[in-house]
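Q: I am new to this protein and would like to go through its model. Could we take it piece by piece?

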Amino acid sequence: MPETASWRLLIGYIRPHRRALLLGGVLSLVGSVAGLAMPLLAKTVIDAFGEQRSLLGPVLGLTAAVLLGAGVGALGRYVLERMGEGIVYSARRSLVDRMLRLRVPQVDQLKPGDLLSRVTSDTTLLRAVFTDGVVETISAVFMLVGAIVMMAIMDGLLLLITLAVLVVVGSLVGLVMPRIRKAAMQAQIAVGEMGAVLDRVLQAFRTVKASGAEEREIAAVGEAAREARDRGIAVAWLTSIAGISAWLSAQLAFVTVLGVGGARVAAGTLEVSSLIAFLLYLFYLVAPMGQLIQGFTQVQNGLAAVKRIREIEELPAEEPDDTVYHVGRTPAGVRFEGVVFRYGDDRPIVHDDVSFEVPAGGLTALVGPSGAGKSSVFALLERFYEQQAGTITVDGRDIRQWPLAELRAGLGYVEQDAPVLDGTLRENLVFAAPGVDEADIWRVLARTRLEDLVSRLPEGLETRVGHRGIMLSGGERQRVAIARALLRTPRLLLLDEATSQLDAVNELRLREVIAEVATETTVLVIAHRLSTVTSADRIVVMEAGRVRAVGTHRELLTDDDLYRELAATQFLLPT
């Protein structure tokens with residue numbers, strides 16, 4: 001991404017907070033002005049002491065300048081820090097909004113841990129850009145220019161000596177800054193990679209334990225942490241070089257000015273108080289120079305962070321749609337015609353000229369061996385992915401012509417792993433239909449045989465189910481996911497292996513539920529266990545990305561060898 005684009009994005013973040021930036025900047029400048037007055041006031045104290053005048057006035061003036069500078073500076077810092085938190089909040093909201101609207105193919109290519117790093121650590125760097133970067137840089141420039149002007153007024157020769165030293169060391173800093181940005185980018189990428197590796201372990205925590213793989217995974221995370229450490233050390237090394245350059249320049253300038261100025265004092269061409277004041281201004285250069293280097297460093301870090309944030313902003317996303325669609329309860333029909341689909345240009349074909357029809361109403365099943373392309377049918381219906389060729393229609397209308405939110409509002413989808421979110425049981429049930437009333441909740445609970453579960457839970461529907469529903473059994477999670485889909489009153493219910501984790505008794509009950517629901521809406525179910533769908537109105541048999549047969553259970557037992565083989569392995573052949 002061009003650097004100008006990075007700057008535009010940075011400015012875009014600060015535009016809503018420009019008043020706070022202006023106020024904080026003004027307060028910081030007032031504090032700086034008070035600071036610039038201190039050496040002059042110190043000179044008046046020394047002159048008064050030398051002339052044996054009263055010190056009360058000069059000391060009170062110096063004290064007032066110190067207190068004013070400290071108080072106003074602290075207030076300005078608070079305003080800027082508050083603004084920084086607002087910028088971080090806005091950036092995180094914007095980034096999360098973008099992430100959750102990304103298209104599924106893009107998310108599938110990203111690592112959750114790296115995404116988390118972009119939302120947390122990368123956005124945090126933005127605060128430092130504006131509080132320690134832009135504003136501190138402006139304040140430091142003002143202090144630097146102000147101190148140089150005052151030094152010029154006091155003694156031009158000593159100023160030229162000082163500037164000569166600063167220019168030499170400043171050139172070194174200028175060479176280091178571009179390398180800091182590159183190193184900061186690499187450091188942030190390494191932190192994101194470490195988060196991705198750790199997320200991989202935590203997502204399979206029980207598998208890691210059961211496999212005795214703790215040491216290997218600790219080593220893998222440790223290696224990623226080592227890489228992040230090394231990248232961080234590289235940034236610290238370059239930043240230290242820049243920082244020590246400021247300190248070294250001030251010390252060299254001090255020694256030079258002290259030597260030359262001392263000689264001039266001895267010669268009677270320079271007052272002692274003027275030399276002391278000049279040296280104080282020289283020390284005043286140290287802080288703003290350090291601020292400048294810190295500010296430039298923070299800006300480099302921020303530009304690296306913005307580049308990573310911008311990478312997410314530039315990914316294709318679904319358009320937001322706040323329209324509330326009232327889809328009704330009329331069952332929806334589906335038609336696939338000549339569909340060709342693959343998950344990427346470099347990936348094998350998943351659907352090769354797939355054609356079949358699902359009439360409105362009733363139960364249709366998709367069966368076939370693993371890898372036949374069954375789950376991809378659901379991914380295409382939900383428009384998580386787009387087919388490369390062919391047509392998919394819902395109610396005779398190409399799904400690409402449907403507003404995405406309206407299309408999905410009419411679908412109920414139960415994924416194969418039946419995810420349950422951290423939160424209460426009620427929150428999971430109403431996740432897809434937050435406005436549903438209590439009577440509907442209990443009606444669906446009865447349908448999915450979850451009433452006993454609710455009665456056993458200590459707080460009923462308000463019981464928290466844990467991360468990924470860990471407090472529930474596999475079968476309970478599956479039924480919760482089905483209940484969640486049913487509460488949406490879908491026109492088309494998509495069930496991917498809906499009974500895979502149920503025992504025989506609960507499978508039988510759920511088959512009854514599916515049959516009942518199929519009298520009210522269209523149900524399309526993927527099944528490996530054919531016992532779930534033997535009573536289906538139609539069964540679509542898929543193999544190697546093609547539809548090889550369509551019929552009822554009895555018809556397919558007679559007409560299709562693959563279906564008959566699947567039935568035989570599950571002891572479903574008639575005796």
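Q: Where is Ile276 placed?
A: Ile276 is found in helix H9. The model is a predicted one.

Q: Is Ile276 buried, partly exposed or exposed?
A: Ile276 counts as partly exposed, because its relative accessibility is 33%.

Q: Which residues make the nonpolar surface patch there?
A: The patch consists of Ile46, Val272, Ile276 and Leu280. Its area is about 270 Å².

Q: And which helix gives the largest share of that patch?
A: Helix H9, which covers residues 272-313, gives the largest share, with three residues.

Q: Changing topic to H16: how many residues does it have, and how far does it reach?
A: Helix H16 runs over residues 504-518 and has 15 residues. From its first C-alpha to its last it reaches 21 Å, close to the 21 Å expected at 1.5 Å a residue.

Q: Which residues of H16 are buried?
A: The buried residues of H16 are Asn506, Glu507, Leu510, Val513, Ile514, Val517 and Ala518. They lie on the same side of H16, because they cover an arc of only 130° around the axis.

Q: Why do residues three or four places apart point the same way in an α-helix?
A: An α-helix has 3.6 residues a turn, so residues three or four places apart point the same way.

Q: What about the face turned away from the buried side?
A: That face of H16 carries the exposed residues Ala504 and Val505.

Q: On to charges: how many salt bridges does the structure hold?
A: The structure holds 28 salt bridges. In general, side chains of opposite charge can pair when their charged atoms come close.

Q: Which residue does Arg447 meet in a salt bridge?
A: The side chain of Arg447 meets that of Glu520, at 2.7 Å from N to O. Arg447 lies in helix H13 and Glu520 in the loop between H16 and S8, so this pair ties together parts that are 73 residues apart in sequence.

Q: Are those two partners buried or partly exposed?
A: Arg447 is buried, with a relative accessible area of 11%, whereas Glu520 is partly exposed, with 45%.

Q: What does Arg400 pair with?
A: Arg400 forms a salt bridge with Asp398, at 3.5 Å from N to O. Arg400 counts as partly exposed because its relative accessibility is 40%. Asp398, at 15%, counts as buried.

Q: How far apart are Asp561 and Arg564 in helix H18?
A: Asp561 and Arg564 are three residues apart in helix H18 (residues 561-569), so about one helical turn separates them. Their side chains meet in a salt bridge of 2.3 Å, N to O. Arg564 counts as partly exposed, at 28% relative accessibility.

Technical notes. Residues are numbered from 1 along each chain as its sequence is written. This is a predicted model: local features need pLDDT of at least 70, side-chain atom pairs count only at pLDDT 80 or more; totals for chains, interfaces and linings use all residues. Side-chain values use heavy atoms; hydrogens and water are left out. Patches are made of residues with over 30% relative accessible area and no salt bridge: like charges are joined within 9 Å, nonpolar side chains (Val, Leu, Ile, Met, Phe, Trp, Tyr) within 5 Å. Accessible areas come from the Shrake-Rupley method with a 1.4 Å probe; for residues, only the protein chains shown count as cover. A salt bridge is a side-chain nitrogen of Lys or Arg within 4 Å of a carboxyl oxygen of Asp or Glu. Helices (H or I, at least four residues) and strands (E, at least two) are DSSP runs, numbered from the N terminus. Buried means under 20% relative accessible area, exposed over 50%, partly exposed in between (1.4 Å probe, protein chains only). The expected span of a helix is 1.5 Å times one less than its number of residues. The arc is that of the directions from the helix axis to the C-beta atoms.
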